[in-house]
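Please look over the sequence and the coordinates before reading on. The report that accompanies them is meant to be read with the structure open.

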Number of protein chains: 2
Amino acid sequence: MGAVRAVEPLHLRLLRLLRDNGAVSRAELADRLEMPRPRLLAELERLVSLGYVAEAGLAASRGGRRSTLVELSPNLRFAAVDLGASSIDVEIVNGRLEPVVAYAEPADIRSGPKGTLLRVNELLHKAKVDGAYERLDAVGIGVPGPVSFRDGVPVSPPIMPGWDRFPVRELLTREHGCPAVVDNDVNIMAIGERHGGVAHSVDDFLFVKIGTGVGCGIYLGGEVYRGTDGCAGDIGHIQVDSHGPMCSCGNVGCLEALFSGAAIAKDATAAARAGGSPALAERLAANGSVTAVDVAEGAIEGDVVCIRLIRDGGRRVGGVLAGLVSFANPSMIVIGGGLAQLGHILLAEIRSVVYRRSLPLATGNLPVVLSELGSRAGVTGAAVLASDMAFMEAS
Amino acid sequence: MGAVRAVEPLHLRLLRLLRDNGAVSRAELADRLEMPRPRLLAELERLVSLGYVAEAGLAASRGGRRSTLVELSPNLRFAAVDLGASSIDVEIVNGRLEPVVAYAEPADIRSGPKGTLLRVNELLHKAKVDGAYERLDAVGIGVPGPVSFRDGVPVSPPIMPGWDRFPVRELLTREHGCPAVVDNDVNIMAIGERHGGVAHSVDDFLFVKIGTGVGCGIYLGGEVYRGTDGCAGDIGHIQVDSHGPMCSCGNVGCLEALFSGAAIAKDATAAARAGGSPALAERLAANGSVTAVDVAEGAIEGDVVCIRLIRDGGRRVGGVLAGLVSFANPSMIVIGGGLAQLGHILLAEIRSVVYRRSLPLATGNLPVVLSELGSRAGVTGAAVLASDMAFMEAS
């Protein structure tokens, strides 16, 4: 019937409320959680003794006796890690998920799990030495490929040689003595955007990442939907042109073979060489190569070839999204990833195709918007996952 | 986290178990529901007094004192109605959803809600006069268009003029003095197939109906997914050929403009006139028109044009499904609706495209199968919905 909703344990709802709202009075907590006060006070006492919750002074008067404020313990620390195809982003955050320290550096995911995770652990230990934490309460990590969320391992990830079924969660748990949680990089971006970005409290939305590759994070009914094998959202390999170019997956005409960081760099290089684009030719001569950033800059300068490249890409993405809107009837689409920097020309083209091609009922009230968190979406989502994991275990 | 599962009320689990298993001993019920016996006995007593449950004699001995069997009351009756574009199917079923009486007749959904529902009510009253029931415990109805499941009304249904926001649920509730539930026709087929067909107890699957139009019922996590506006699964209007024919929706190259009951009849008529298909030319001459049934028969006789028509259609459907498999990563695809009669040639082509075009991880263990319930899928699902609704209210 779909009418029976999951009831989350009290301690999880309480800790999430403190995470997302900061210090709250006991009186307000009882109201917002719709709990009898004695049960709430008992639960709070338990969470204080476990070190999750701390006193935070007196609340402003509501007329009667002043209620005392509680907040998450200032000692809580979560590690959030976002592994990209060519980057490592690490943040240590406090209970409210505010960064205490952040590191970002280039890295090649193809160097394999041992070297990559060794470097992650080195960065985390450096943060400890620098005083960012004494102990971690949980680690959340995103990887650029399909993940068995239940098992905490990557599963047949196409661009991650050596990572298949590597025990990422187990290794991190053992190294840091705390729970760890592993998810796909696009899923953590979607989770981040829902926590602190444009999709705040939206229950059904698609987060479309257009970067080195193309992928989609799916929120349905307020939960990330991961599919039977953990690979839901793999939209980069949907065919958009049966006569299109060969894709790295071995098929022809996949979306990401036609529009992605790699594809637009290739098309832009060809355009620069063919003449007709002064903006791209100039940048090719100066740097020896052109990238999506050059195309974005060229478009801002009014270079028509750059504008056409972005529009063509937007039309391809829009065509795929129109189909997914007809299928999934989401209430929002968020565009993120590196190529979101192509900005409003891209967005306008995607919107135009989606609004024209999908059922009017499904698009009547469907915002198609850019990510607000940008490059921080991933680590934010990893921090949310880590805190949820730690909070679940506080029982 | 997705880790917190819905807990269904005891009475709902108990009544569903009796519906799906028939007479069960009290001892076995306590085991299967993992309930303390006293609480179970109290609940059973309550449900007996409400008229939902009845005694059914003694169970076979399990060694000690013989346990008594209980079953759903033999007086329970649900009405299941499946409105198609051009048909009305009605069944009265008992508590175990076995048909007591069934009617099927042609009807035009475009004649509007008043005339159509008047005829539904006439059929239901005829069933009463014929002794199929004394009173109905719930009515379930499927309609060929998007539905607000919460409000019990069709919403902007393209092929149902006059039905937009018509109070279908309210009218049926008032007429029959019992709860009523309204859903989309493809959703009820998916529900039926999961209850008594090939998708039995499968939690994540797509039910693809290929009939007059094309649509998709979506099961995710054991629940029907209906989308933000109730129109999820509208895959008939996904574009498969940007240079394709005009569709009734106003766009060009939609899947159902290229492959559906109407499209294949048009293509078959053209092929019959053009020569090259003896099987179709013969049937056109004999009947003045050709339909999908003629194409199916011609293919069985080995007519190459008929085989090609089916293969072309299968390739179109397969291309759309390959994209949806990449997106949703389901664990099964069921093909139903009138054109499922095109059978194994169609299925082979769909499979071939899906297996070739989707991520290997998503297709490694993905059955693509024909509906088992065929034309009874819809009424079966409507009966499941009606009984769930009645059982929910038994509290």
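What follows describes the interface between the chains, then the sheets, and then the salt bridges.

## The interface of chain A and chain B

The model discussed here is predicted, and every value given below is computed from it. In this model 54 residues of chain A are in contact with 54 residues of chain B. The size of an interface is often given as the accessible area lost when the parts come together. The area buried between chain A and chain B is about 4,300 Å², and carbon and sulfur atoms give 62% of that area. Five elements of chain A, namely strand 12 (214–220), helix 11 (304–328), helix 12 (343–357), helix 13 (360–363) and helix 14 (377–392), each supply at least two residues of the side that touches chain B. Helix 11 of chain A gives the largest share of that side, with five residues. Sorted by class, the side of chain A that touches chain B has 30 nonpolar, 13 polar and eleven charged residues.

Which kinds of polar pairing are found across the interface of chain A and chain B? The rule finds 26 residue pairs in polar contact there, counting pairs with both residues at pLDDT 80 or more, whereas the count of salt bridges between chain A and chain B is zero.

## The sheets of chain B

Chain B holds an open sheet of five strands in the order 6-5-4-7-10, with mixed pairing. The edge strands of this sheet are strand 6 (99–106) and strand 10 (180–184) of chain B, each of which pairs on one side only. Neighbouring strands of the sheet are turned by 10° against each other on average, if direction is ignored. A further open sheet of five strands in chain B has the order 13-12-11-14-15, again with mixed pairing, and its edge strands are strand 13 (223–224) and strand 15 (368–370) of chain B, each pairing on one side only.

| Strand pair | Sense | Bridges | Residues standing opposite |
|---|---|---|---|
| Strand 4 (78–83) and strand 7 (138–143) of chain B | parallel | five bridges | Ala80(B) and Gly140(B) |

Helix 5 (residues 168–176) of chain B lies across strand 7 and strand 10 of chain B, and runs at about 150° to strand 10 of chain B. Helix 6 (residues 185–196) of chain B packs on the sheet, where it touches strand 4, strand 7 and strand 10 of chain B, and its direction makes about 105° with that of strand 10 of chain B.

In chain A, the hairpin of strand 5 and strand 6 has five residues between the strands, and within this hairpin Leu97(A) takes a positive phi near 70°.

## Salt bridges

Over all chains the count comes to 48 salt bridges. One of them is formed by Arg19(A) with Asp388(A), whose closest N and O atoms are 3.0 Å apart. This pair links distant parts of the chain, since Arg19(A) belongs to helix 1 (residues 10–21) of chain A and Asp388(A) to helix 14 of chain A, 369 residues apart. Helix 14 of chain A is also among the elements that supply at least two residues of the side touching chain B.

Conventions. Residues numbered from 1 in each chain as written. Chains lettered and ligands numbered in written order. Predicted model: local features only at pLDDT ≥ 70, side-chain atom pairs only at ≥ 80, totals over all residues. Heavy atoms only, no water. Contact = heavy atoms within 4.5 Å. Buried area = accessible area lost by both parts, 1.4 Å probe. Salt bridge = Lys/Arg side-chain N within 4 Å of Asp/Glu carboxyl O. Polar contact = N/O pair within 3.5 Å; in protein donor to acceptor, adjacent residues only side chain to side chain. Helix = DSSP H or I, 4+ residues; strand = E, 2+ residues; numbered from the N terminus. Nonpolar A, V, L, I, M, F, W, Y, C, P; charged D, E, K, R; others polar. Pairing = 2+ DSSP bridges. Axes fitted to C-alpha atoms, helices over the stretch in contact; angles between N-to-C directions.
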